[in-house]
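Subject: Structure handover

Hello,

Here is the structure I promised to pass on. Please open it first, then read my notes below.

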Amino acid sequence: MFNAMAKRSKFYAVKRGLKTGIFTSWDETKPLVHNFKGPQFKSFNTKEEALEYMNSSNQVIKKESISKVNEKEFQKAHQSKYGSLQTPLIKTNDVVEDNLGETHTVYRCPISKLKFASLGSLIYLNISGNAFSWKHKDAFVFVDVSDNSSFIFDTYKLLQNHMEYRKKCTRTELKSAFFHRKVPSVEYAYKYLTNRFHDFEDKYMKKKNIPKLTYKNFEKAEKSPIHAYCDGSSDLKAMGKGIYYDLKYLPPKEIHYIEELLKEHGGVPDQIDTENKQTNNIAELAACRHVFEDLLKMYRILNRRSYKKIFRVIIHTDSAYSLFAIEKHVVNIDLKKGNIANKQHIEACMEPYLKLKKFYRDNKAEHMFIMKWVPGHLDVVGNQKADALAYNALKGTYVHNHVSDVSSDEHNKTKSNDDVSYINELSTDSDLDEEVFKKKPLEEDETFEYEMCQLLKTSFELDNKKMSENKDNSDPLLDTFKNNLRKFKKNYSLDPTSQSTENRFPWIVLKAKLENKIDKFNDLRSPTQLNNMKQKYQEQIITLENKLSKCQETIEFTTAEANNRDVSKDYAKIRKFKASLCNTRKILKIVEEYYKKHYQSKISSKGNKRSTNLSDETDALPLLKKQKLKEATAIDDKFNHYDIIEISSSSE
């Protein structure tokens with residue numbers, strides 16, 4: 001019967017994670033929720049219970065139910081939730097004429113009191129009269145990644161004024177990025193902002209011997225787009241990249257062809273140069289490059305299968321640096337005439353990027369290939385999933401979903417371990433894998449905890465000896481303590497006896513006091529005191545969880561309402577509450593483990609628990625004084641048992 005129960009399978013329902021659905025093993029579920037911000041998942045004994053959980057009111061919207069959402073609705077919802085205040089422009093009845101004889105509508109900004117001529121594509125040129133020339137020398141381009149509009153100024157002073165204004169009105173939690181550059185003329189500025197330097201791009205492709213795609217007779221697919229999210233991560237010692245594809249806006253007939261060709265994946269960026277630099281910008285560039293390569297492979301397979309559809313693709317990155325570096329590289333070469341930072345990594349992106357751009361341009365679909373900035377770490381689901389993939393790759397855990405160029409039949413015949421999609425097991429917070437995490441935080445380092453605990457116990461013993469006896473400094477215990485303390489400070493750069501260290505690691509201090517056998521801490525080890533501590537820390541955990549939940553709800557409400565309120569203080573509170581919650585849970589665990597070891601009744605051979613006997617506790621703590629035992633007995637006899645409340649950890 002025991003074996004039958006052990007083999008009983010569980011069902012894991014994932015509402016919110018890298019993928020959603022019901023899975024039959026924890027090994028399959030763990031990579032989908034680990035390092036994912038705000039995962040929602042739970043295990044059940046029956047599939048019916050798991051389905052009921054998935055169909056509950058707060059369920060994540062299923063992919064099939066919103067497959068035909070219009071792209072405009074997506075952009076509107078996206079901007080409402082994650083956008084920022086735009087520069088206000090009021091349309092006037094005036095028009096302005098350029099040197100080619102064409103007229104442009106005039107807009108007025110109520111903040112700066114400037115007049116702007118609309119050049120199209122949400123690009124505005126400040127004007128002072130009734131005409132302007134495209135050949136006007138020295139123009140200043142300004143781009144704010146959180147503002148849909150771009151501006152061209154004819155003087156640097158006006159550019160500075162506009163930058164100061166944007167700094168005030170941009171939402172601080174978006175971490176917006178400003179970009180400005182001096183260019184030779186207004187015409188040059190317009191081409192720069194619209195990425196229409198086709199002659200520069202063609203010249204670059206010819207110089208670098210980049211072949212263009214020769215696929216013909218491709219037709220435009222429906223307007224519903226493919227959203228690609230790419231992200232990079234670095235700790236200056238290693239890098240990781242993550243790519244996630246959101247296909248839910250494609251109609252079902254298109255998803256059938258695309259979902260097997262575009263799959264999320266994460267890994268380590270390829271080494272481009274010999275400098276071995278490990279920066280976040282390089283990781284972000286590598287993630288963008290792999291999206292371009294995935295799309296090229298998709299069109300190569302579609303062409304071979306004679307499914308000649310060209311799709312609208314929007315590539316989202318939270319790196320403004322990568323966005324500008326890739327889109328403006330051919331122009332930056334013309335403007336700088338010198339060294340460009342990370343040039344080799346940028347040029348590695350340019351070959352697949354220009355191939356795609358040329359392919360779209362040749363098919364008169366250039367407007368269907370777009371790169372966009374997305375705010376990072378603000379719960380944009382696609383970016384959040386790409387970020388989790390990149391972080392896992394940084395820590396040494398990869399998600400490989402390689403798409404083969406051969407047909408499905410050929411693929412099944414020649415399937416090998418290298419071609420099969422696999423997910424390496426991720427470690428959880430309660431089961432840290434030393435091979436994955438080469439260097440753990442001190443809060444999670446068992447060796448550090450043991451060494452600090454031993455030093456504190458010795459320190460308590462030495463303090464107790466000083467109080468009871470006047471001994472000289474030739475005590476061997478003192479010499480050993482000094483040597484161990486010196487090694488500890490050298491290894492961890494911390495003094496275990498300092499107040500700041502004790503405040504940072506309170507559970508280690510408590511563990512050292514409980515395990516020390518001096519009379520000073522007898523009261524702390526009494527069953528009554530242990531029960532009081534349990535109740536106290538359980539209440540603290542509930543209070544901290546409520547405070548944390550309220551802070552998160554406040555931030556979500558502020559973001560959803562596009563409120564301009566500064567939430568940086570809320571984020572600081574969340575970090576503080578999370579740290580306190582972690583410490584309190586560890587303290588509670590220490591108290592429970594000590595109680596179970598010394599007081600909890602043992603299970604008899606028949607499997608029944610025998611009642612707690614105070615005489616057993618007397619034997620367990622021979623150092624307790626008779627008077628204190630009488631007091632403890634008088635209190636505990638009222639209840640005839642010890643009230644132990646178990647705090648369950650988060651379910652798998």
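Of the 652 residues in the chain, 45% are buried. Keep in mind that this is a predicted model. The chain holds 23 helices and 20 strands. It exposes about 36,700 Å², and 48% of that comes from carbon and sulfur atoms. Take the contacts between residues at least 6 apart in sequence: 70% of them join residues at least 24 apart.

Now the cores. The largest nonpolar core has 78 residues. Phe292, Tyr299, Phe311 and Ile315 have the most contacts inside this core. Helix α9 (residues 280-304) supplies the largest share, 11 residues. Domain 2 (90-192) and domain 3 (196-400) both contribute, so the core lies between them.

Ile315 deserves a click. Set aside its neighbours within four places in sequence. What does Ile315 then contact? Its contacts are Ala228, Cys230, Val291, Phe292, Leu295, Phe369, Ile370, Met371 and Lys372. As a general point, nonpolar side chains tend to be buried together in soluble globular proteins.

Next, helix α13. This helix covers residues 381-394, 14 residues in total. From first C-alpha to last, α13 reaches 20 Å, close to the 20 Å expected at 1.5 Å a residue. Is α13 largely enclosed or open? Of its 14 residues, 11 are buried, so the rest of the structure largely encloses this helix. The buried ones include Gly382, Lys385, Leu389 and Leu394. Their cover includes strands β1 (11-16), β13 (226-234), β14 (239-246), β15 (265-267) and β19 (399-400). Just after α13, Gly396 has a positive phi of about 100 degrees.

Lys115 has Ile127 in β7 as its bridge partner.

Best wishes

Definitions and conventions: Residues numbered from 1 in each chain as written. Predicted model: local features only at pLDDT ≥ 70, side-chain atom pairs only at ≥ 80, totals over all residues. Heavy atoms only, no water. Helix = DSSP H or I, 4+ residues; strand = E, 2+ residues; numbered from the N terminus. Expected span 1.5 Å × (residues − 1). Buried < 20%, exposed > 50% of the residue type's maximum accessible area, 1.4 Å probe, protein only. Contact = heavy atoms within 4.5 Å. Pairing = 2+ DSSP bridges. Core = buried A, V, L, I, M, F, W, Y, C linked by side-chain atoms within 4.5 Å. Domains from an automatic or database assignment. Areas by Shrake-Rupley, 256 points an atom, 1.4 Å probe, with all protein chains shown as cover.
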